[in-house]
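Please read them with the structure open beside you.

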Amino acid sequence: MDNRFLDGRIDLFSGKVKSEFWTDKEWREFEQAYLKEHKYIRAQLVLKRLFDIAIALLTLIILSPIFLLVALAIKFSSPGPILFCQERLGRLGKPFTIYKFRTMVDGAIHIGSGINTFKGDPRITSVGKFLREYHLDELPQLFNILVGEMSLVGPRPLLISTLSTYKNCQKKRLLMPPGLTAWEAVNGGLENSLDERIKLDIWYVNNWRFWLDIVIILRTIPVVLRKEGVYEKEGILTSTNQTKE
């Protein structure tokens, strides 16, 4: 283990040093240090992956008619592609392409407030407004889960550009696969600031157990039905936030 990583590990607990570039080797060492500290979770991580595959596959089959209806509604309500694709930060800082149903006009990221969205954003289509309010636009991420890029539960995947803003301690949120829902999502979601959401993500990683994922999934149901955490509160818009297209 080289000195650079030892320095990074100390910073993990102090949180006083800004982000630095980590190689694949350093990310792996960071992961091994976490697993050594939480050695009892290895079997639970295997169970988490098996659970992800089973639920994602079953849900895709059951909801296939809904996928078709949503795709047709998007196609015939506004010009542009059915899916919105964007690179996001995955586990151990590896980028992957996230899939969502398109909820805004084509090319919205180059119009108005750019990557930030807000309640009443004129770029959101009429069909997109409904999809966003009930988080139906996130359903294509079941494919990301099936191939192992995401999990049902985990820190929400943020933009690639956010990595350069992380303190070393904040990189801990990247030790778990990004999730369709998250601990921060059932505790205020986008109504929290980015720093507050990252703190909730780190709490999730530090306290992760398989049963915690089940709790979060159950708590997600009323959050979706009450349309909570769909938009950021006015005044906390940040360019480092994920684009909820």
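1. In this predicted model, β1 and β2 form a hairpin with five residues between them, and within that turn L92 has a positive phi of about 55°. The two strands, β1 covering residues 83-89 and β2 covering residues 95-101, run antiparallel and are joined by seven bridges.

2. As for the overall layout, the protein has eight helices and four strands, and from the N terminus on the elements follow the order α-α-α-α-β-β-α-α-β-β-α-α.

3. The largest nonpolar core takes in 41 residues, and those with the most contacts inside it are Y34, F101, L142, Y204, W208 and I216. Helix α7, which spans residues 194-206, gives the most to this core, with five residues.

4. Which residues does Y204 touch, not counting residues up to four places away in sequence? Its partners are K48, V153, G154, P155, M176, W183, L212, D213 and I216, and of these I216 is itself listed among the core residues with the most contacts inside the core.

5. Turning to the protein as a whole, 48% of its 245 residues count as buried, while the accessible surface comes to about 12,100 Å², of which 64% belongs to carbon and sulfur atoms. Among contacts between residues at least 6 apart in sequence, 72% join residues at least 24 apart.

Terms used: Residues numbered from 1 in each chain as written. Predicted model: local features only at pLDDT ≥ 70, side-chain atom pairs only at ≥ 80, totals over all residues. Heavy atoms only, no water. Core = buried A, V, L, I, M, F, W, Y, C linked by side-chain atoms within 4.5 Å. Buried < 20%, exposed > 50% of the residue type's maximum accessible area, 1.4 Å probe, protein only. Contact = heavy atoms within 4.5 Å. Areas by Shrake-Rupley, 256 points an atom, 1.4 Å probe, with all protein chains shown as cover. Pairing = 2+ DSSP bridges.
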